[in-house]
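Here's a quick look at one structure, going from its inside space to its sheet. Have the sequence and the model open as you read.

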Amino acid sequence: STVAAQPTLPKEKADALFISLQKGDMSGGYDRLFFGSGISQSKPQMIDVIKLQTQNGLPLYGKILGYEFINEQKYGTSLVRLVYILKSEKFLTTWEFYFYKPKESWFLASIKFNDQFDLLK
């Protein structure tokens, strides 16, 4: 059996998180999303908080039905912002990711999600 390659592009990384959330592998999805970012080592408590928010928050919206990519904004060659919606039975959540590329690899710099529409700007 072959081990799936680690996603390297920002959109691949974000897509992989949503696929994991749909499969019920929230913790593994975040671990893969934060892989290589340095956040796991420097701010492990931040990842725990995000996992907890997701674990407590997402079930309120019902079963996850899917996700949609909404927008990508590039800021120069080193920063990219991605916006998604995660569709659930009762409501949707909006997600915003910032990925940073200091040298040759992209990594997650920031993630936010909520049930408002302010992230869709």
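A cavity here is a set of points on a 1 Å grid over the protein atoms alone where a 1.4 Å probe fits but cannot get out, with lining residues having an atom within 4 Å of a point. Grid points are joined across faces, edges and corners, and a volume is the space filled by probe spheres set on the points.

This is a predicted model, where local features need pLDDT of at least 70, side-chain atom pairs count only at pLDDT 80 or more, and totals for chains, interfaces and linings use all residues. Residues are numbered from 1 along each chain as its sequence is written, and side-chain values use heavy atoms, leaving out hydrogens and water.

Searching the whole structure turns up one cavity of 30 Å³ or more; the largest cavity holds about 30 Å³ of space. Around it sit P7, K13, A16, L17, G29, R32 and L33. Both α1 and α2 give at least two residues each to that lining.

Now the sheet: four strands make an open, antiparallel one, ordered β1-β2-β3-β4 (strands pair if DSSP finds at least two bridges between them). β1 and β4 are the edges, each pairing on one side only.

Helices (H or I, at least four residues) and strands (E, at least two) are DSSP runs, numbered from the N terminus.

| Element | Residues |
|---|---|
| α1 | 10-23 |
| α2 | 26-34 |
| β1 | 64-75 |
| β2 | 79-88 |
| β4 | 107-114 |

β1 and β2 pair over ten bridges, and E72 has L82 in β2 as its bridge partner.

Methods: On a 1 Å grid over the protein atoms alone, a cavity is a set of points where a 1.4 Å probe fits but cannot get out, and a pocket is an open set with protein on both sides within 12 Å along at least five of seven lines; lining residues have an atom within 4 Å of a point.
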